[in-house]
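Please look at the sequence and the 3D structure shown below.

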Amino acid sequence: MIRHFSLMVLLVMGTLLGKAQTCDLVFFTDDGTKFTLVIDGDVKNSTPATRVVATGIRNETPVVMVKFEDASIPQIKKPGYFPLGMEYTVMITTNKKGERVLRSSGEAALGTAAKAEPEKPKPAEFTDDTPVKPATTTQGVQQTTSVGGVQQVTTVTVVEEEGDLDMGAGSGSGENVNISMGVNGMGINMNVNVTEGGSTTTTGGSTTRTTTTRTTTTTTTTGGTTTVKPADVGGRPVPVKEPEAYSMPGYTGKIGCPWPMTGPEFAEAKKSIEAKSFEDTKKNMAMQIAGDRCLTVEQVKGIMSTFNFEDTKLEFAKFAYDHTYDISNYYKLSDAFSFESSMEELNEYVRSR
């Protein structure tokens, strides 16, 4: 009886330990492109999809391969680093060079993706009506005038809609005047939106509505200060452009890579390196992490501190140069070496690049 009970306890503990030593991976595309996910040679979805969940991953540095349904898109094959015991979400996106890349999107507790409520199927006996959208034709004319330092841009947009239209809205005329004044800068902005004489014509059961919108932007320059308010046609907000790279406060030197690792992400990576017993194992893991990510000089120095031998520190410093954000700060690595000759060799290597 005691023997059977002991076996059951060991079985339960083994099961719990096995679950704790895995991680889940969630991959998705930001533009809806379908793909097949392969982890360490294991295909995770037989049919291409826009989102794939891979559970029970036991290797914290798996080789990830993404094969796109569109054969014209090159496949992605990268080594990853995912500490066990968590669920990681990875976005497949396109960088500024037009290349498909993998971007870490977040972390969560194991099983979060599996617990997500599945999409409810639509009843088979019902069919959604196809929405009818009115045919729209837009024509725009922009005119710029400048008188005595005052620049005025007038944009006239004519919109013609044909189809089943709501006759109670959009007709008539209206005005929207927005005036802002800056006293210190001595600048004056004035933005005027005018909807002129919307007209409706019905011919043979088809209704056509024509709406003319005039947007005027006035820019006044006084005392060396220029204030500009962009024309905003139809009330649409001006899009905010995403920055192309991280901006380090106080740093004005050369940039080697755009987005360095976050503090928590680097702390986990360094902890995993320190957990290794042998110097070569530490070096290989460090190069694997740095090769697929972007580091700061301080992060490079932090990884170098995990090594015991001078040669290993120098070899990693040379390797990490191509994967460092603030490369103009590379001289700060001198404190990480025990011998001046090592820093001189690194400086010579940097000058030759």
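**A walk through the model**

The hairpin of β7 and β8 has 5 residues between its strands, and Gly-98 in this hairpin takes a positive phi near 85°. Strand names such as these come from DSSP runs, numbered from the N terminus: a helix is a run of H or I of at least four residues, and a strand is a run of E of at least two. The model is predicted: local features need pLDDT of at least 70, side-chain atom pairs count only at pLDDT 80 or more, and totals for chains, interfaces and linings use all residues. Residues are numbered from 1 along each chain as its sequence is written, and side-chain values use heavy atoms, with hydrogens and water left out.

Two strands count as paired if DSSP finds at least two bridges between them. One of the contacts between these strands sets Ile-92 against its bridge partner in β8, Leu-102.

β7 and β8 are part of an open sheet of 4 strands with the order β4-β1-β7-β8 and mixed pairing. The edge strands of this sheet are β4 and β8, each of which pairs on one side only. On average, neighbouring strands in the sheet are turned by 20° against each other, direction ignored. For such angles, axes are lines fitted to C-alpha atoms (for helices over the stretch in contact), and angles run from 0 to 180 degrees between N-to-C directions.

What is the sense of the pairing between β1 and β7? Strand β1, residues 23–29, pairs with β7 in the parallel sense over 6 bridges. Along this pairing, Val-26 stands opposite Thr-89 of β7, Phe-27 stands opposite Val-90, and Thr-29 stands opposite Ile-92. Ile-92 is also the residue whose bridge partner in β8 is Leu-102. β1 and β4 run antiparallel and are joined by 5 bridges. Phe-27 has Val-52 as its bridge partner in β4.

Strand β1 is largely enclosed by the rest of the structure, because 6 of its 7 residues are buried. Here buried means under 20% relative accessible area, exposed means over 50%, and partly exposed lies in between (1.4 Å probe, protein chains only). Cys-23 is buried, with a relative accessible area of 0%.

A second open sheet has 4 strands in the order β3-β2-β5-β6, and its pairing is antiparallel. β3 and β6 stand at the edges with a single partner strand each, so one side of each has no neighbour in the sheet. Strand β2, residues 35–39, pairs with β3 in the antiparallel sense over 2 bridges. In this pairing, Val-43 of β3 is the bridge partner of Val-38.

Is Thr-47 buried or exposed? Thr-47 counts as exposed because its relative accessibility is 54%. The C-alpha atoms of Thr-47 and Lys-34 are separated by 9.0 Å, and the two residues are 13 apart along the chain.

Next comes the disulfide. A disulfide is a covalent bond between the sulfur atoms of two cysteines. The structure holds 1 disulfide, counted as a pair of cysteine sulfur atoms within 2.5 Å. This disulfide joins Cys-257 to Cys-294, with an S to S distance of 1.9 Å. It links distant parts of the chain, 37 residues apart: Cys-257 lies in the loop between β14 and α3, and Cys-294 in the loop between α4 and α5. The link of Cys-257 and Cys-294 is right-handed, with 75° about the S-S bond. Cys-257 counts as buried because its relative accessibility is 10%, and Cys-294 counts as buried because its value is 6%.

The last topic is the largest pocket. It has a volume of about 1900 Å³. Of the 49 residues that line this pocket, the closest to its centre are Val-101, Leu-102, Arg-103, Trp-259 and Asp-292. On a 1 Å grid over the protein atoms alone, a pocket is an open set of points where a 1.4 Å probe fits, with protein on both sides within 12 Å along at least five of seven lines; lining residues have an atom within 4 Å of a point. Grid points are joined across faces, edges and corners, and the volume is the space filled by probe spheres set on the points. β8 gives the most to the lining of the largest pocket, with 7 residues.
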